[in-house]
Amino acid sequence: MSDADAEAAGSDETALAFEQTIPEDAVLAVEDVESGYGGLQVLYDVSMFVEPEEIVCIIGPNGAGKSTVLKTIFGLLEPWSGTVRVGNREISGRAPEEVVRAGVGYVPQTENVFEPLTVRENLLVGGVAREDAEETIAALRDRFSLLDEKWTAKAANLSGGQRQILALARALVMEPEVLLIDEPSAGLAPSIVEDVLTELRRINELGTAILMIEQNARQGLSVSDRGYVMSQGEVRFVDDADAVLANPKIRELYLGG
Ligand SMILES: Nc1ncnc2c1ncn2[C@@H]1O[C@H](COP(=O)(O)OP(=O)(O)OP(=O)(O)O)[C@@H](O)[C@H]1O
Ligand SMILES: [Mg+2]
C-alpha cells in the first residue's frame with residue numbers, strides 16, 4: 001500500500017489532534033513529564049489532569065507507558081523532568097508516603113492485597129499512617145457489604161472481584177482526594193468487570209476523583225468522564241469519554257474497529 005493509500009485508509013495516526021489546557025482547579029495535574037527506568041526513557045512530555053468529581057480513563061496498547069504514568073505520579077519513579085501537582089501542592093519526585101499524605105491513593109494492578117491477612121487486617125494496614133483510621137474503616141465496612149461478610153476471611157480466599165473491592169477499600173482508608181487505579185478489571189470475568197466498574201462509580205459519586213487505566217477500553221470509557229489515549233510513551237489524544245468512544249480514528253487504531 002502506498003503512503004497515499006494508507007492515509008486514505010485512515011491508518012495515519014497524525015490525523016489525530018487535540019488541545020488541552022490544565023485547569024486551575026485540577027485535583028491532579030501532570031505537566032510535561034518525562035520518566036523511565038534506569039537509562040530507558042518511557043514517558044515523553046506527558047501532560048494529564050483530573051478535575052474534582054471526574055473519572056478519567058487512560059487507554060492504549062501494551063507497553064504504551066500507562067502504568068509508568070501512575071508509578072511516576074505516586075513517587076515510585078522519579079520524573080526526569082516536568083511537574084506533578086495535587087491541588088496546588090507540587091509533589092514531583094516525592095516519596096509515596098508523602099504522596100499519600102498529599103491526598104493520593106494508589107491501587108496497583110497485581111499484589112494489591114496482603115493474602116495472608118484477613119479483610120479487617122488489610123484495612124488496618126491501609127490505615128497505619130492515620131490515627132483515626134478506625135472510624136473510616138467502620139464506615140467502609142458499612143458501605144461495602146462484601147467487606148462485612150468476609151470480615152475475618154483471609155484475602156487469599158477471596159475471589160478476583162472481591163479482592164479488587166478490598167484493594168479499593170484499602171486505598172480509601174486514607175480518604176484520598178484522587179485515586180489512581182491500574183487495570184481494576186484485569187483477569188476478571190466479564191460480568192464481574194461490570195460490578196467493579198459500578199463500584200468505582202459509586203466511590204466517585206461519594207467525592208473521590210479517579211484516574212484509572214483500563215484494558216477493557218470500551219467499558220472503562222463508558223463509566224468515565226474523559227479519556228486519554230497513550231501510545232509509545234506519549235499522550236496521543238484526549239477528549240470527553242463519549243467523544244473518544246465515537247472517534248473513528250481512535251476506534252480503528254485503539255478500540256478494535
Ligand atoms: N520495571 C521496569 N524496568 C524496565 N522497563 C520497564 C519496567 N516496567 C515497564 N518497563 C517498560 O516500560 C514500557 C512501558 O511499560 P508500562 O508498564 O508503563 O506499559 P503499560 O501501558 O502499562 O502496558 P500494559 O498494558 O502491558 O500494562 C514498556 O516498554 C516496558 O517494557
Ligand atoms: Mg500497565
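This is a predicted model: local features need pLDDT of at least 70, side-chain atom pairs count only at pLDDT 80 or more; totals for chains, interfaces and linings use all residues.
Local features here need pLDDT of at least 70 and side-chain atom pairs count only at pLDDT 80 or more, while totals for chains, interfaces and linings use all residues. Residues are numbered from 1 along each chain as its sequence is written, and chains are lettered from A and ligands numbered from 1 in the order in which they are written.

View 1. Strands (E, at least two residues) and helices (H or I, at least four) are DSSP runs, numbered from the N terminus; two strands pair if DSSP finds at least two bridges between them. Touching goes by contact: C-beta atoms, placed from the backbone, within 7 Å. Over at β4 (residues 81-86), two bridges join the strand to β5, and Arg85 has Glu90 of β5 as its bridge partner.

**View 2. What sits around ligand 1?** The shell is Tyr37, Leu40, Val42, Gly60, Asn62, Gly63, Ala64, Gly65, Lys66, Ser67 and Thr68, where a residue is near the ligand if its C-beta atom, placed from the backbone, lies within 6 Å of it. Helix α2 gives the most, with three residues, and β2 supplies at least two. Sorted by class, that's four nonpolar, six polar and one charged. Ala, Val, Leu, Ile, Met, Phe, Trp, Tyr, Cys and Pro count as nonpolar, Asp, Glu, Lys and Arg as charged, and the others, Gly among them, as polar.

**View 3. Helix α4 packs with helix α7.** Helices α4 (residues 119-126) and α7 (residues 160-172) pack at about 35 degrees, with axes 7 Å apart; the axes are lines fitted to C-alpha atoms over the stretch in contact, and angles run from 0 to 180 degrees between N-to-C directions. Val119, Asn122, Leu123 and Gly126 of α4 meet Leu166, Ala169, Arg170 and Ala171 of α7. That contact has five nonpolar, two polar and one charged residues.

**View 4. Arg236 in strand β10 (residues 234-240).** Is Arg236 buried or exposed? Arg236 is buried, because 20 other C-beta atoms lie within 10 Å (20 or more count as buried, 12 or fewer as exposed, in between as partly exposed, with C-beta atoms placed from the backbone). Ala17 lies 219 residues away in sequence but 7.8 Å away in space, C-alpha to C-alpha.

Key: Two residues are in contact if their C-beta atoms, placed from the backbone, lie within 7 Å.
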